[in-house]
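Open the model in a viewer and keep the selection tool ready. The stops below go from a pocket to the helices packed around one of its neighbours.

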Amino acid sequence: MYRLSQTLTDAFSRRFSRTVREDYRQDEAYASTPQGRFWLALALVGLLLLPLFLPQYPMFVATQILVAALAGLGLHLLVGGAGQISLGQAAFVGVGAYVSSHLSGDLAPLGILLGGVVAGAIGVVLGIPSLRIKGVYLAIATLAFQFLADYVFKRWVEFTGGVAGRKLPAEGTFLGFLLADDRVVFYIGLAFAIPMFFYAKRLLSTRAGRAWFAVRDNDLSAQLSGVDLVRAKLTAFALSAFYGGVAGGILMHLLGAVTPDNFVLAFSIQYLAIVIVGGAGTVLGAVLGSVFIVLVPELLSVIAGAFGPQYVAQLAAWRSVAFGALILLFLILEPRGLVGLWGRIRDYFRTWPLPY
């Protein structure tokens with residue numbers, strides 16, 4: 001009788017419950033429930049329709065968030081996935097920007113892709129020291145690469161334009177649309193971002209992603225378990241640099257002109273802040289962290305400007321102080337980042353109004 005009851009219960013669950021996961025493929029799905037698929041489809045449609053409703057400057061900020069999310073996602077895969085520290089992500093963004101600046105107009109997508117490939121190749125070279133050093137020593141090595149890249153950006157005048165930087169032609173078009181329009185750049189960036197985000201989400205659930213997590217937890221134990229450390233670390237650096245290079249190519253077409261000052265150490269620290277604030281090792285953390293890092297300073301600027309133009313200069317410094325205090329306070333209250341906060345809110349509403 002008990003077995004019959006259990007069989008009927010299992011059959012009822014499989015028939016009427018959409019949240020039962022019976023194999024790894026279902027568990028690794030992007031959205032395994034009807035609610036998840038609905039919200040995912042709604043988010044994609046919202047992104048496609050966003051440029052139709054936003055004015056010019058908000059559209060510019062939205063594209064900045066897209067660029068920061070891509071660069072931050074690459075660092076998420078490296079730091080949160082493989083556990084390798086890097087302070088040179090802005091340098092890879094710069095490589096992608098300068099490479100793509102030589103292929104504009106109808107070749108803009110090719111230039112963005114080529115920038116990512118070149119940055120990924122350099123990332124493999126930068127990942128070689130990670131085979132022998134780790135922790136703070138690896139951070140110093142990537143910091144040295146950041147300073148070296150800044151020197152090259154300023155001195156290689158034929159390729160980067162030197163201190164003056166590179167500038168795209170203002171009349172450049174892609175398929176007949178003016179590239180100076182932020183909406184066109186947003187759609188081009190979205191064409192890269194959507195498949196790259198889906199790929200990163202699936203990658204972390206595959207054997208390669210689990211190998212990264214094993215290296216992150218303990219590389220010696222991972223090696224004893226059969227993980228190829230050379231392959232795991234070098235692919236992590238290459239993929240992280242590739243994401244940064246693609247983000248740099250999109251940034252180049254968004255700004256229309258870049259200089260070495262767009263890729264200094266402060267921006268590498270900003271990308272690392274996206275990892276910490278968003279929640280390391282998660283795709284959603286890259287999105288939430290980039291929204292926080294890019295949007296909050298803009299909101300603080302609006303608040304400062306609301307007091308009047310005579311207070312803007314005085315409040316500009318306090319804006320940075322307030323932004324830093326917000327990050328520090330957030331990390332103290334929610335060490336797992338915005339992803340952890342979102343998980344707590346989601347779990348609360350899943351059980352509400354029940355207390356368990």
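Select helix H13 (265-278), which gives the most to the lining of the second largest pocket, with seven residues. Helices here are DSSP runs of H or I with at least four residues, numbered from the N terminus. The model is predicted, so local features need pLDDT of at least 70 and side-chain atom pairs pLDDT 80 or more, while totals for chains, interfaces and linings use all residues. Residues are numbered from 1 along each chain as its sequence is written, and side-chain values use heavy atoms, without hydrogens and water.

Next, show the pocket itself, with a volume of about 580 Å³. A pocket is an open set of points on a 1 Å grid over the protein atoms alone, where a 1.4 Å probe fits, with protein on both sides within 12 Å along at least five of seven lines; lining residues have an atom within 4 Å of a point. The volume is the space filled by probe spheres set on the points, which are joined across faces, edges and corners. Of the 21 lining residues, Gln64, Phe267, Gln270, Ile293 and Val294 are the closest to the centre. Besides H13, the elements giving two or more residues are H4, H12, H14 (283-306) and H15 (309-333). The lining has 15 nonpolar, four polar and two charged residues (nonpolar: Ala, Val, Leu, Ile, Met, Phe, Trp, Tyr, Cys and Pro; charged: Asp, Glu, Lys and Arg; polar: the others, Gly among them).

Now select H4 (residues 56-81) and H12 (residues 229-255), whose axes come within 7 Å and cross at roughly 170° (axes are lines fitted to C-alpha atoms over the stretch in contact, and angles run from 0 to 180 degrees between N-to-C directions). H4 and H12 are therefore roughly antiparallel (over 145 degrees; under 35 is roughly parallel, 65 to 115 roughly perpendicular, the rest oblique). Contact residues (heavy atoms within 4.5 Å) include Phe60 and Gln64 of H4 and Phe237 and Tyr243 of H12. The contact divides into 18 nonpolar, five polar and no charged residues.

Among the residues in contact are Phe92 and Gly96 of H5 and Gly245 and Gly249 of H12. Six are nonpolar, nine polar and none charged.
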